[in-house]
Amino acid sequence: MATLTAYLTRSRRTEQPPVRALHPVAWWLWALGLAAAASRTTNPLLLGMLLAVTVLVVAARRSDAPWAGAFPLYLWGAAIVVALRLLFRCVFGGDQGIVVVLHLPLIELPQITGLTLLGNVTAESLLSGLYDGLRLATMLVCLGAANALANPRRLLRALPAALHEVSTAVVVALSVFPQLAESVNRVRRARRLRPAPSSGRVARLRSLVIPVLEDALDRSLLLAASMDARGYGRRGQQAVLTGRVTAGLLVSGLCGLAVGAYAGLDATAPRYLALPFLLSGLAVGLIGIGLSGRGVVRSAYRSDSWAAADVATATSGLIAGALFSVTAKVDPHYLSPSLYPLEWPQITPVSAVAVLCGLLPLVTAGRSPRAYVGASIAARQHP
Amino acid sequence: MITFDRFSFWYAGRQVPTLEAVDLRIGDGEFALVTGRTGSGKSTLLRAVNGLVPHFTGGHVEGRVVSVGRDTRDFPPREFADRVGLVGQDPLAGFVTDTVEEELAYGMEQLAVSPQVMRRRVEEVLDLLGMAPLRSRPLRYLSGGEQQRVAIGAVLTSTPKVLVLDEPTSALDPAAAEDTLSAVLRLVHDVGVTVLAAEHRLERVLEYADRLIVVDERRVCDGHPSELMRTAPLAPPVVQLGRLAGWKPLPMSVRDARRRASTLRADLAAVPLPTRSEVGDARDGLVARRVTVTYGKTVAVRAVDVDLRPGEVVALMGRNGSGKSSLLEALQGALRRSHGSVTVAGSDPARIDRSQAAGLVALVPQQASDLLFADTVEAECRLSDDASRMPSGTTRAVLDELLADESVPNASHPRDLSDGQRLALVLGIQLVCRPRVLLLDEPTRGLDYDAKGRLSSRLSALARSGLAVMVATHDVEFAAYASSRVLVLAGGELITNTATSAALTASPVFAPQVAKVLAPVPLLTVDDVAQAMVSSAERIGLS
């Protein structure tokens, strides 16, 4: 009987295995891979697929945590990017191309500027704006996905100990930002209690901004003090010279990484800037981090280990990025469809597979724990 | 364990020290209680124990502080993490992680404790503080009492020898405060932690303290509570009652006092009850019927009827989250109600515009500073005159009338004012339109006994001038002093609506100390007792 009960309780437990949130670095690698893929193409079909894949994964796998709530903002940002691009093409577009879709009066600016405004709007220039905008928008959404899916605090824990000054600032910002929204709400509610100052917008804005900023500042200081009092960034005595050397190494490493990453993503940059800079920047940075991290001793309560699911997730994004890079060299035609003359964009099987690779997290990542369900209501009750 | 040696401290740019020549020795395992007026330097004293003062705040230091064998001059606060655990006033502001378990582990991670030991200590602390069911809950959505216990637990896991608590119960309702205090006392008795705690509401902790540290005008003196309490400027009601009745030694707890009070009870039982002043008709004040407020699917306030009559001060009580703030905002009209009606002098404050509504109902929110945004008191008053279209100088005049004996200089920044002065300033601004009803949300937070007394007499003066006043408060003693009627909310429903004397003597949780000592005599405050003693003496003289 006892064994039966034990069996039953165990089986009930196995029905709902504890959900393991994926390693935040895995999410970032996945998203960066997709972003890299997007940077290689202007094909609207492929970009649309990339967008759909990203949004689908976020919708299915994000938790209800505060940082996940920002994803719609990235979508809005993306929409604005596309709309602005289209608007600029209408205003500054000139009349390249032959298929005119809209006749607008042409405004000649003084000869010396060599610019004209408005004029005939062609399908070619509109589409080129749309493609460009879509590419940027997709990259933006990919970054937003990483932000929504990866727990930023766990990500910080994955950072080396040496960067603790940076991470203090980030932790403070992470904690204060959601509270900022709350205090904006609170102050707006409070403001309704006092007759509105009649002396114009500035005073009205002041009455919102000043209490909110004071609140944010107070909270940041309290949090920083609490972190300090609880031993954050403890280290032995470190010589001043070591500190300067590590700072120099870190900064130059970061510069190298930035140049390398830029050249790597921009297909038109000279190749010798890409990989060599990336690697040397990485090496210099690692040395700096190693040096400065020697003083700091920490341990991890639940260390974030890499499991098969994490590796698979990261790989799926990276494969998508890599396949696009290879295709860009071998068969660039499909990645950037011709505008002059206009052509229907097409998809090759390889690129479709590459994009669909990005869906793998739907399998590898479990549903995120829903610890935050219903909590927002409770929060309003305990303001 | 902690030694202050001729310690003086000046904040940067100040001519006058905040603390001067402090000498203190706190032994191992003591429970030391720090008390003093608002702004007297209690927090500075506490933060000096682990070196946050001066390492984090900046400033000038003379003398020294040695905590658990380390001089704060030689080590930054983070090197004290395994020796001194500091819990601030607002636990939520100090949380670094997202969930209870992570927060408990955070300090140990910084100290590089091995994972096995961390697991064990987290479990121990969860059990010690009775938080095991909370372990994976997000911190932001815990109740105030739970947050406070997590904050204490989070420093305990680093096994400090000293625990420093800055007003651990100031934001909590009576029941949550009891929870937190009993957790702290268990630590003192079972674990042997040395505790240094600041607290305004002495009535809650005085009886447990081994040592009392009084911070007054930059100076610090310490000694046994029963000796220091004879002359201390701030004393809980039970001590004031003892002083009044001339008991020696002074009682520190309700239990002490009750054992001495048998004759006093007998004397007072024959005295007729003090009558409270007359009140007007609710139709001149505020009439609310079946007020309901919902957030999404949650009902915050459910079909509450409230009458506020001119000339009375009503206390609104109830647990954290029972809907007090929502009810006040709904009565003021700033928060949309989903059902019900509110009528003030024939009109509904929610249906008329903001500046007209200000002439009917004024609300002082929980965080009064949210209403202030100018650089100086003077500018703030000018803005207020301007917004309410009153002749210039009106707000200042209202403020001066409110302040009576205190002063709020025109040139000072609203942030530099004490909590009591800031509250007065906001009151002045909100009263400039001469509303008929005044609502206050938790005004006593951070106020010492004197400031609370002043607020209480201000409110009764306003009521005498014809205002209807309602105060949401957790503070039973304040409600006993200030109010004539008590409303109690639970889960958004009104469960009690009776005279203060009946409401506050009925339940042990809500009874003020004097009522507990004198039960069944229904007297609530030391002033009531003083008055009753006078009339009892007169009766004896007559007969």
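Five bridges join β11(B) to β14(B), and the two strands run antiparallel. Two strands count as paired if DSSP finds at least two bridges between them. Helices (H or I, at least four residues) and strands (E, at least two) are DSSP runs, numbered from the N terminus. In this pair, V287(B) stands opposite T343(B) of β14(B).

The structure is a predicted model, in which local features need pLDDT of at least 70, side-chain atom pairs count only at pLDDT 80 or more, and totals for chains, interfaces and linings use all residues. Residues are numbered from 1 along each chain as its sequence is written, while chains are lettered from A and ligands numbered from 1 in the order in which they are written. The model scores ipTM 0.85 and pTM 0.77. Chain B has a mean pLDDT of 88, and 98% of its residues reach 70 or more. Here pLDDT is the predictor's confidence in each residue, from 0 to 100.

Strand β11 of chain B spans residues 286-295 and also pairs with β12(B), in the antiparallel sense, over seven bridges. A288(B) faces V306(B) of β12(B). V293(B) has V301(B) of β12(B) as its bridge partner. Two residues lie between the strands in the hairpin of β11(B) and β12(B), where G296(B) takes a positive phi near 60 degrees. Together the strands form an open sheet of three, in the order β12-β11-β14 (chain B), with antiparallel pairing. β12 (298-308) and β14 (339-344) of chain B are the edge strands; each has a single partner strand, so one side of each is left without a neighbour in the sheet. From one strand to the next, the twist averages 20 degrees.

Between the chains, 47 residues of chain A are in contact with 61 residues of chain B. Contact requires that C-beta atoms, placed from the backbone, lie within 7 Å. On the chain A side, α7 (164-191), α8 (201-229) and α14 (375-381) each supply at least two residues. The largest share, 13 residues, comes from α8(A). This side of chain A divides into 25 nonpolar, nine polar and 13 charged residues. Ala, Val, Leu, Ile, Met, Phe, Trp, Tyr, Cys and Pro count as nonpolar, Asp, Glu, Lys and Arg as charged, and the others, Gly among them, as polar.

Two helix pairs of chain A were examined. The axes of α11 (residues 308-330) and α12 (residues 349-357) of chain A come within 7 Å and cross at roughly 155 degrees. α11(A) is therefore roughly antiparallel to α12(A). Axes are lines fitted to C-alpha atoms, for helices over the stretch in contact, and angles run from 0 to 180 degrees between N-to-C directions. Angles under 35 degrees count as roughly parallel, over 145 as roughly antiparallel, 65 to 115 as roughly perpendicular and the rest as oblique. The crossing of α11(A) and α12(A) is left-handed. A crossing is left-handed if the near helix is turned anticlockwise from the far one by less than a right angle, and right-handed if clockwise. The contact involves residues including I319(A) and L323(A) of α11(A), and A354(A) and V355(A) of α12(A). Its residues divide into eight nonpolar, three polar and no charged.

In the second pair, the axes of α3 (residues 44-61) and α5 (residues 123-149) of chain A come within 10 Å and cross at roughly 20 degrees. α3(A) is therefore roughly parallel to α5(A). This crossing of α3(A) and α5(A) is left-handed. Among the residues making the contact are L47(A) and L51(A) of α3(A), with L134(A) and V141(A) of α5(A). The contact comprises 14 nonpolar, two polar and two charged residues.

Technical notes: Contact = placed C-beta atoms within 7 Å.
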